[in-house]
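Below is a colleague's note on a single structure, written for a reader who will want to check each remark against the coordinates.

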Amino acid sequence: LGLEGGSGRLLALRIATHPFFELFILLSIGVSSGLLAAETHTFPKSGTRAATALFAMDVTFTALFAGEMILKMYAFQVYQNRAAYLRSSFNILDVVVVAASLLTLAFGSVGALRSLRLLRVLRPLRSVHKLPSLKLVINAVIASVPAISHVCLLGLGLGTVLSIMGMELFQGKMWYCSSVPSYDAYVEAYTATNASVALETAAVSGALGGGLNRAACAAAGGTWRNNKFNFDNFAEAMVSVFVISTGDNWQDIMYVAMDSVGDGEAPSRDHSGWAAAYFVLVVLVAMLFWANLFVSALVDNFNRMAANGGPALVSDEQRRWQQAMQLATISHLERWRLAPPKNAAKVRRTIHHYCKQPAFDNVVTSVIFLNLLAMVAYRHDATSAEMTAHEVFDYFFTFFYILEAALLVAAMGWKMYWSNFMYRVDFIVALVGFVDFAVPALREAGFGDAFRVARFLRLGEVI
């Protein structure tokens, strides 16, 4: 950085790099963003105390952020060295946000500029470089841009093909009549158009206008409307395909297409059932195939970077250290198998000898799997024989889990046993089962259901 500027710049550096200063700025960002979120078109009303207070706080936060920017420009210099303030893209973002805030204060009467205050919520992004895990993800995403771009081009091509297909099938067919001014006008227009169809079966939309084509709708004084999502042109078709690809109520668009009859014709319930095949195709191609391909490109590139030890992730030495730490953690949790507890009696030594064997773990896993099968067999309106069998199984599994916990505590010692998270889960399951059967009143009150739910935690060992 250099020390030009003497003690004044050194003091500015200490202030700008102090953790409490950064925490204060981040808290100020949160408060100012919260105040922006609280504003609506009705609050605060101009001239009220609330409006005055919010404006004063807006000025205060803008001055604070501007002061922070000036302090850091003085401390780090503007652009004179590699660590200068404007050498960081996140600091450039700060400058843009502060400039937008100052413009808002200077030209507050211009509605378009008031929206620039929202840019201040971007300020927390500058903390990304201080969070290694978040920086890791962002670097991986940036490095994945080439792979993602090819997937996006594929998605654009698929969307174009599906949009053109939708235009060929449904262009101009998703219109309907609505807002007929009076019931008498609707009945007259409907009777003239559909003399052979009962009036009560005609209304498709549920409002006055159902069953009327474009000409009859105009004669009745109604409005000939298009569906919100349609395929009348390429842009509308692309939007419709995109909405379907997100899975957001795509079936509503499908129902409208299934009711379509023709250009200028009134919709009829399930007139074109085959139209559903198009929407199933869009869901399969756009939502299930392309969306998963997009995610797969990100994950695959991230794994490739991790395998190659790219600079955006970790070095080979760091990876070996991580693997060593993982092995050390596993070894630490399983070290009880090496020797029985100190000064253990002969009985505990015998228990330790059998519990450390792989066969013991295999038996426990088998029983947990049997417990899974027994729980799958539960059903509503079970016969009395089934209920009796379930109760017998409950007694057996409860006894087995209590016995297993007792044996492991004797083999490992309580301190070692309780230090393992999975063993703590096992102990809680065994304790809940013991209380369930020791206190019949609790079982009658439905506590047994809670025990069966708790036993699901043991299935994590099988997984």
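The numbered points that follow take up the chain as a whole, then its cysteines, and then a few individual residues.

1. Before anything else, please keep in mind that this is a predicted model. The protein chain is made up of 463 residues, of which 33% are buried, and its secondary structure comprises 20 helices and two strands.

2. On the overall fold and surface, contacts between residues at least 6 apart in sequence join residues at least 24 apart in 66% of cases. The protein chain exposes about 27400 Å², and carbon and sulfur atoms account for 68% of that area.

3. A search of the whole structure returns one disulfide, which joins C177 to C217 with an S to S distance of 2.1 Å. The two partners come from distant parts of the chain, 40 residues apart, with C177 in strand β1 (residues 175-178) and C217 in helix α9 (residues 214-219). The link of C177 and C217 is right-handed, with 80° about the S-S bond.

4. C355 is buried, with a relative accessible area of 3%, whereas C152, with a relative accessible area of 35%, is partly exposed.

5. S245 is found in helix α10, which covers residues 234-246, and it counts as buried because its relative accessibility is 17%, under the 20% cut-off. The side chain of S245 reaches the backbone oxygen of F242 at a distance of 2.5 Å. Once the neighbours of S245 within four places in sequence are set aside, the residues in contact with S245 are A286 and M287.

6. Which residues form a nonpolar patch on the surface? The patch is formed by F20, L23 and L27, which together have about 350 Å² of accessible area. L27 lies in helix α2 (residues 19-38), and at 54% relative accessibility L27 counts as exposed, because the cut-off for that class is over 50%.

7. For the backbone, I would draw attention to Q77, which is not a glycine and yet has a positive phi of about 70°. Q77 lies in the loop between α3 (49-76) and α4 (89-106), and its relative accessibility of 16% is under 20%, so Q77 counts as buried.

8. Where does D270, another residue with a positive phi, lie? It is placed in the loop between α11 (250-259) and α12 (275-308), and although D270 is not a glycine, its phi is positive at about 55°. With a relative accessible area of 47%, D270 is partly exposed, because that value falls between the 20% and 50% cut-offs.

Key:
Residues are numbered from 1 along each chain as its sequence is written. Side-chain values use heavy atoms; hydrogens and water are left out. Helices (H or I, at least four residues) and strands (E, at least two) are DSSP runs, numbered from the N terminus. Buried means under 20% relative accessible area, exposed over 50%, partly exposed in between (1.4 Å probe, protein chains only). A polar contact is a pair of N or O atoms within 3.5 Å; within protein, one must be able to donate a hydrogen and the other to accept it, and residues adjacent in sequence count only if both atoms are side-chain atoms. Contact means heavy atoms within 4.5 Å. Accessible areas come from the Shrake-Rupley method with a 1.4 Å probe; for residues, only the protein chains shown count as cover. Patches are made of residues with over 30% relative accessible area and no salt bridge: like charges are joined within 9 Å, nonpolar side chains (Val, Leu, Ile, Met, Phe, Trp, Tyr) within 5 Å. A salt bridge is a side-chain nitrogen of Lys or Arg within 4 Å of a carboxyl oxygen of Asp or Glu. A disulfide is a pair of cysteine sulfur atoms within 2.5 Å.
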